[in-house]
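Biologist: Can you walk me through this model? I would like to start with the helices.

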Amino acid sequence: MSAQGTPTAAGKATGTAAGTPKGAWTVTFLLFLFMLVNFADKIVVGLAGVPIMTDLKLEPEQFGLLGSSFFFLFSISAIVVGFIVNKVATRWVLLTLAVIWALAQFPMVGTVSFTTLLICRIVLGAGEGPAASVAMHAVYKWFPDEKRTLPTAILSQGSAFGVILAVPLLNWIIVNHSWHYAFGALGVVGLIWVCAWLTFGQEGPLENTRVLAATETKIPYIQLLTSRTFLGCVAATFGAYWALSLGLTWFTSFIVKGLGFSQSDAGWISILPWVFGATIVILTGWISQVMMARGYTTRISRGVLGSVPLIIGGLILAAMPYVPGVGLKIVMLVVGPGLCGAIYVVCPPMLGEFTPASQRGAILAIYGALYTLSGIIAPNVMGTVIQRSGNMVDGYMTGFTINAVIMVGSGLLGLLLLWPNTEKARLTRSAAPQAGALKGVVSPT
């Protein structure tokens, strides 16, 4: 019999028989702040887009390259670190990532060239690539599966609040001082989080990484990575992240250059998509958990709940270029991409349903590495479309229409492929004979 053969052993190894330990919400809050800093770091280039393009005399294609550069090492780093956290405590990995973020900001405080800015963004992206998957993996060590949707939503809120709180402060620094100092402020905030994590951060007690690695029945990675739910999560979130990366890089520039607002006003308008997105994320997490408590399958309470908003959001964004008035355009640009937030809440728990805990860090990281590839493509596509368009506003509208088509397509793929409950049963059945064969080799008696 395996080490998980008894209920007691299984409960200790996976946490499924345990409640929520003391300290779980403290760590969740610290990881929420971790994601807050993460997205404040991401947004600063887009927020300061017009001053940066003016000071460094950048063309739209160059600025699109700058936005994409953040993702050059993002996926590679995510995969490498994902396998590391299968065996190494997440507490120290998270600490290392946050130190890299902070240090990558300080070179921008002085006078910089486009090349220096580009290199620093690449380094920052390498440090931030694993962030979301490692944070999710860390928080899942504090909550059993049936209680993971809400903490997942809270972590996802770090991205929204990172923008909601940071944009007014960073924009004030940009308008009243310099965009250079906005980067320096983020470096200081990053170091403050490092100190807080050193003081209060802990490893979750529900899963022992080394014990699970030695005792848990494994499922071949090829089966996990080719499962329809994994592919569905990658496809659906790819479309959502296309919208997010456009928002990070081009939203503020569109408000200033496309719609004619001042930099100061654009800073406040740039908060709106994140306020709406935060509402969607919290609602999705709460509704999903309520539906599961009432007996709905995870196909419905996670898969369908995450995919349908993508389709609706894409249709709203597709209609945006054709509506009259600046105000209505902003509303549709806020609501359409904002609905994408639902998919971020449901996909990590769905993958956690059928992935052994000792392999979960790598699977979440590979998932993140694949869907964030859209972050390399989307800002560059928008920059190229704008530069080659006869009219700047028309270029923006074409770029947003491309985004709308991708959102609808990714949502439809999500509806077709996301079946986590049946996936779990299928993979568990296929893993059982392999575990039995391995047992016969190791212990032939």
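Predicted model: local features only at pLDDT ≥ 70, side-chain atom pairs only at ≥ 80, totals over all residues.

Biologist: Where does H16 bend?

Modeller: At Val304, by about 35°; the bend is the angle between axes fitted to the seven residues ending there and the seven starting there. Helices are DSSP runs (H or I, at least four residues), numbered from the N terminus.

Biologist: How many residues of H2 are buried?

Modeller: 20 of the 24, so H2 is largely enclosed by the rest of the structure. Buried means under 20% relative accessible area (1.4 Å probe, protein chains only).

Biologist: Which residues have the most contacts inside the largest nonpolar core?

Modeller: Leu31, Phe34, Ile343 and Phe400, in a core of 120 residues. Helix H13 (residues 228–258) gives the most to this core, with 16 residues. Such a core is a set of buried Ala, Val, Leu, Ile, Met, Phe, Trp, Tyr and Cys residues joined through side-chain atoms within 4.5 Å.

Biologist: New topic. At what angle do the axes of H5 and H19 cross?

Modeller: Roughly 175°, and the axes come within 7 Å. H5 and H19 are therefore roughly antiparallel (over 145 degrees). Axes are lines fitted to C-alpha atoms over the stretch in contact, with angles from 0 to 180 degrees between N-to-C directions.

Biologist: Which residues of H5 make the contact?

Modeller: Ser75, Ala78, Ile79, Gly82 and Phe83, contact meaning heavy atoms within 4.5 Å.

Key:
Residues numbered from 1 in each chain as written. Heavy atoms only, no water. Helix = DSSP H or I, 4+ residues; strand = E, 2+ residues; numbered from the N terminus. Buried < 20%, exposed > 50% of the residue type's maximum accessible area, 1.4 Å probe, protein only. Parallel < 35°, antiparallel > 145°, perpendicular 65-115°, else oblique.
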